[in-house]
Amino acid sequence: MNKKIINVAIVGVTGYGGLELLRLLHNHPTVHVVSIHNTSTDSEEISISYPHLKSMYKITPTPFDPVHIMQSADLVFFATSSGVSKDLAQPFIESNFPVIDLSGDFRLNATDYKTWYKKAPATQALLDQANYSLADFYQNDRHYIANPGCYATATLLALAPLAQQQLLDQENIIIDAKSGLSGAGKSLNLSSHFVNVNENFSMYKPNQHQHIPEITQQLKQWQPDVNHIQFTTSLLPINRGIFVSAYVKLNKQVSADTLQDIFETTYQDKPFIRIMPKDHLPNIKQVVGTNFADIGLTYNPDTKYLTIVSVIDNMIKGAAGQAIQNMNHLFNLDETTGLQLIAQYA
């Protein structure tokens, strides 16, 4: 699949994920965006609707046409809302055409999708052709990649070293996850109103967030006896960033030094995972604007709880950046290509 220029199409370009893909792909050395597509009738040049793209892109959204996309592109990104790509994906899957889907439509089995997303799922035949791909543990033998969700990415990266060593006590996995407002998407509602978000802090979807089954599904692949987690999500009065605090107990005695070594060893060859020194915990600002996940841990010998903090930029590592990382893997490029970004610290 390796070739000099990768021509890509983006479906769902006016959401935060699609716009972030456009921004990041502009500086990717081997990518050319050949077309963008809305599921609406908007046909205005993209830089008119989004002036920050002026002189960067001169491209107009065109109606969704799978045949045209497959004739002109090498890969298509779906950056659509949940419930859209499952109805658009069939021609690409039947043609074995490369797709990276940022929505949740192909992350779960049909039963879980219907339960957690409250929508009719894709057919099982289509779901069987998709592969869920946490990019830092890339293993893929299919052309349809389901890109992980933002909360799921930060949480799974925090727990992977323990689950892969079969160390999690399945009755004591507590996740307190917090996100900036961009994680809620662009649709307006009362909870995302400025007056309700600014100088405020609120929990939402307790025990109901759609990333819960996505997390447990992957954890079970690593440690089969993990059947559930305690997971809550809260809204931070910031634009970007996810801060996951994981409080876990282990199923056997392990020293703090050994735990630190397990994390460092797991991620020593993962260029986008940075492990903090022992007992140092990361903050959101050190990853905003990057594809990094920064992880720190500290162990309490009295309570026997290990605290793990994982921080990511929800729009990059939790969405568009990870999608590009998956694309790099798919086309046999170095996974860091186009993603060597320094944090927007100020």
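I count Ala, Val, Leu, Ile, Met, Phe, Trp, Tyr, Cys and Pro as nonpolar, Asp, Glu, Lys and Arg as charged, and the others, Gly among them, as polar.

The model is predicted, with local features needing pLDDT of at least 70 and side-chain atom pairs pLDDT 80 or more, while totals for chains, interfaces and linings use all residues. Residues are numbered from 1 along each chain as its sequence is written, and side-chain values use heavy atoms, leaving out hydrogens and water.

Entry 1, cavities. I took a cavity as a set of points on a 1 Å grid over the protein atoms alone where a 1.4 Å probe fits but cannot get out, with lining residues having an atom within 4 Å of a point. I found 2 cavities of 30 Å³ or more.

I listed its lining as Ala256, Leu259, Gln260, Lys278, Asp279, Leu297, Thr298, Tyr299 and Leu306. Helix H11 (256-266) and strand E13 (293-300) each give two or more residues to this lining. By class I read 5 nonpolar, 2 polar and 2 charged residues there.

I looked up H8 (residues 150-164) and H10 (residues 211-222), whose axes come within 10 Å and cross at roughly 20 degrees. H8 and H10 are therefore roughly parallel (angles under 35 degrees). The contact (heavy atoms within 4.5 Å) involves, among others, Tyr151 and Leu159 of H8 and Ile215 and Trp222 of H10. Its residues divide into 10 nonpolar, 4 polar and 1 charged.

Notes: 1 Å grid on protein atoms, 1.4 Å probe; cavity = no way out; pocket = protein on both sides within 12 Å on 5 of 7 lines; lining within 4 Å. Points joined across faces, edges and corners; volume = space filled by probe spheres on them. Helix = DSSP H or I, 4+ residues; strand = E, 2+ residues; numbered from the N terminus. Axes fitted to C-alpha atoms, helices over the stretch in contact; angles between N-to-C directions. Parallel < 35°, antiparallel > 145°, perpendicular 65-115°, else oblique.
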